[in-house]
Amino acid sequence: MLSLYAHRNNKFKSYPDINNISDFIKEENSVVWLDALDPNESEMQILAEEFGFHPLSIEDYFTPHYRPKVNEYDGYLFIVTHTITDNKEKNEIEIEEINLYVGKKYIVTLHKTKLPIIDKVLSIWNKAPRMLEGGSGLLLYDIMDQIIDSYFPVLDGIEDELDEIEDIVFSGQTQGSSEHIFKLKRKLMMMHRMIAPLRDIFNSITRREQGLFSNEAITYLRNIYDHVLRIVDTIDTYRDILTGALDAYLTAISNQMNGVMKSLTVAATILMTIQIVTGIYGMNLRIPETKWVFGYPFALGLMAAISLGLVYYFKKIKWI
């Protein structure tokens, strides 16, 4: 489904007839935004004809991208980015790809599912049409600002999970901690893969001489770059904290294993010494105690004395 919006004569509104796209773009001081929800091949062909998109950039839409990227074509940029949401029920993050064709006087957004950020940007444009005087650069800022802002709640959720993991690990409750740690580690890796490339993308956009954006728009886009840096730094910090928690978890497991091995060693040593006594008295030889009326109690007492002596020794060396 194709939805056309245009800023003309200091007014922003939607237009049902998408055949007027090229006419709107030719108008002075106009900015066009076309939002395409899961467009098919025929609709993509309309976009290619109206905007003059290169066939490779059209083909790019039908190819899934697992990392953000930017390609520069004649007169426009093709940008791939992603939205990230935290699914609490499945305890995993969900990623949706957004493709943007960004020209000097237009932006085309393409996505497979309905996204709340689109409605938020539409609301901003309806309330503040004066911002559109900066051309498509300010619209790109609004779209990316909403995408970047959607990352922060996910990071807040991850921070809460980190606090929970630290409390569990340092309290010695290691049961189930490993699964939780590795799931969170996977979340952070996915977020880093989706966000870190945006740092280079917006650094390139704000520094290159492409002539698409006004100086005012570049100033706003630098703010997006700063937000991306902040998020990447936060993710790196969380990864370091999680690595420390994982090390603490492995240390706790190792300590528990050492305690178990000590207990088994103590038990094996005591049983082994008792077995020596029982082995001696079990030999087919004449032993004085076998004809002694107190021989049996003496053997049992000997085993008990040896066992108590070993227990005292292991307590002295703090093994038990």
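The model you are looking at is predicted, so local features need pLDDT of at least 70 and side-chain atom pairs count only at pLDDT 80 or more, while totals for chains, interfaces and linings use all residues. Residues are numbered from 1 along each chain as its sequence is written, and side-chain values use heavy atoms, with hydrogens and water left out.

H111 belongs to strand β7, residues 106-111; strands (E, at least two residues) and helices (H or I, at least four) are DSSP runs numbered from the N terminus. With a relative accessible area of 3%, H111 is buried. Buried means under 20% relative accessible area, exposed over 50%, and partly exposed in between, for a 1.4 Å probe and protein chains only. The side chain of H111 makes a polar contact of 2.8 Å with that of D35. Such a contact is a pair of N or O atoms within 3.5 Å; within protein, one must be able to donate a hydrogen and the other to accept it, and residues adjacent in sequence count only if both atoms are side-chain atoms. A polar atom of the H111 side chain also lies 2.6 Å from the backbone oxygen of T113.

A salt bridge is a side-chain nitrogen of Lys or Arg within 4 Å of a carboxyl oxygen of Asp or Glu.

Elsewhere, the structure holds three salt bridges. E161 pairs with K187, their closest N and O atoms being 2.8 Å apart. Since E161 lies in helix α6 and K187 in helix α7, this pair ties together parts that are 26 residues apart in sequence. Both E161 and K187 are buried. Another bridge joins D60 and K69 at 3.1 Å, N to O; D60 is buried at 12%, whereas K69 is partly exposed at 23%.

Now to the nonpolar side chains. The largest nonpolar core has 63 residues, and W33, L140, M191, I195, F202 and F213 have the most contacts inside it. Helix α8 gives the most to this core, with 15 residues. A nonpolar core is a set of buried Ala, Val, Leu, Ile, Met, Phe, Trp, Tyr and Cys residues joined through side-chain atoms within 4.5 Å. Apart from this core lies another, of 26 residues, among them Y15, I58, Y73 and F78.

Finally, look at the rings: the structure holds eight aromatic pairs. The rings of Y73 and Y76 have centres 5.3 Å apart and planes at 15 degrees, so they are stacked. F78 and Y101 form a tilted pair, 4.9 Å centre to centre with 55 degrees between the planes. Rings of Phe, Tyr and Trp (its six-membered ring) pair if their centres lie within 6.5 Å; planes under 30 degrees apart count as stacked, over 60 as edge-to-face and the rest as tilted. Ring pairs link F53, Y73, Y76, F78, Y101 and Y106 into a cluster.
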